[in-house]
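Student: I have a model to go through with you. Could we begin with the packing and then turn to the sheet?

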Amino acid sequence: MLNLKRIRPVKPIALRALLLLMTGATILAGCGNDTDSAKAGSSGEQLDVVRLATPTNLTGISTYYVADELGFAKDAGLKFDFIGAVEPGQLVASVVAGKLDVGGAHINRTIAGISAGAKIKAVVAQTETTEAVPHMSFVTTKDSPIKSAADIVGKKVGIAKFGGCNEYTPYAYLLKNGIKDPKGKFEIVIAPEIKLEQALLQGDVDLIGLHENPSTIIKRGNLRVVFTDYDVWNTIGGATPLYFSQKFIKEKPDVVRRFVDVISKTNDYVNANPEKAIEITAKRGDIDPAKIRANYYAPHGEIKEESAKVWIDLLTKFNEIKPGIKPEDIFTNEFNDTLK
């Protein structure tokens, strides 16, 4: 029997984000290189350093590694400085504290951080949802009676953490299918994502949320996908944009513009060459390429307004963020020259 948590924290997303912002400088002290001065490349040219969290726990392609390996960053006059692992929940704090230049995770984290007072702004998109490659899949056993939203009511749902895509995607699925006030309609069980399948198979939970593709899940033979975020929002729910602090954007707009160009170019390369991108990610991350999925990346790095709005509306509905947040508070495409 796994040791699973079923107690709901009392702090909403925005408050948790605020606490992280207040402690970010202490938590990240000594992380990476404190200098942001330009460094010389191999041919002697000066490269502007952009500090990034080292990609870890890789299950998908890393655009950072691809852009670095193929020379896209260097061609743009940038040097990617990987400062070490940073937990997703600490990314906003690290960017605000100035220990990290770029952060990025599911867009709900960006929204929550801004609602809590973080002076950050998303500038370029990463992954998007497609039917074949959703952000999240909610899965049960092959012989489970769960086949619809109504069947989830009263059941135990295993997710990796409270808040954001893990918790609110099933709420949105129930809402879309006519179940009002879905919070509390099923029991949430928390466990590390790598332990969720075990919990499902041994009967500790009835449904689990995984950041995996349906095709990969189905191949296991004993699992069945009930729904994905594509079933809830089509292509707009799984956005994962990258952001800088507003201070960095004001002081180094040209660096931001070149970084956006690099990621935009990398997104399009990855979509056209997924196997090569997987090979690069596997090599740089020292991981089995079979464990890496070929995510779909936003063409040209464009951030869609509806991707921000759908999560603003959902988090506002459940009082996880303060009211009045607008999409333009969250992101801008102004540094993306490929869209002009």
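Student: Which residues is Ile152 in contact with, leaving aside its neighbours within four places in sequence?
Tutor: With those neighbours left aside, Ile152 is in contact with Ile146, Val157, Tyr173, Leu174, Lys185, Phe186, Leu207 and Phe227; contact means heavy atoms within 4.5 Å. This is a predicted model, in which local features need pLDDT of at least 70 and side-chain atom pairs count only at pLDDT 80 or more, while totals for chains, interfaces and linings use all residues. Residues are numbered from 1 along each chain as its sequence is written, and side-chain values use heavy atoms, with hydrogens and water left out.

Student: Which residues touch the most other members of the largest nonpolar core?
Tutor: Ile152 and Trp311 do, in a core of 54 residues. A nonpolar core is a set of buried Ala, Val, Leu, Ile, Met, Phe, Trp, Tyr and Cys residues joined through side-chain atoms within 4.5 Å. Buried means under 20% relative accessible area, exposed over 50%, and partly exposed in between (1.4 Å probe, protein chains only).

Student: Which domains does this core draw on?
Tutor: At least three residues come from each of domain 1 (48-128 + 237-329) and domain 2 (137-233); the bounds come from an automatic or database domain assignment. There is also a second, separate core of 23 residues, which includes Ala76, Val123, Leu242 and Ile263.

Student: On to the open sheet. What is its strand order?
Tutor: The five strands run β9-β8-β10-β7-β11, with mixed pairing. Helices (H or I, at least four residues) and strands (E, at least two) are DSSP runs, numbered from the N terminus, and two strands pair if DSSP finds at least two bridges between them.

Student: Why is one side of β9 and of β11 left without a neighbour in the sheet?
Tutor: β9 (187-190) and β11 (223-228) stand at the edges and each has a single partner strand, so one side of each has no neighbour there.

Student: How do β7 and β10 pair?
Tutor: Strand β7 (residues 137-141) and strand β10 (residues 207-210) are antiparallel, over three bridges. Gly209 in β10 is the bridge partner of Phe138.

Student: Which strands does helix α8 touch?
Tutor: Helix α8 (residues 193-201) packs on the sheet and touches β7, β8 (156-159), β10 and β11; its direction makes about 160° with that of β10. Axes are lines fitted to C-alpha atoms, for helices over the stretch in contact, and angles run from 0 to 180 degrees between N-to-C directions.

Student: Last topic: is Gly103 buried or exposed?
Tutor: Gly103 counts as buried, at 1% relative accessibility.
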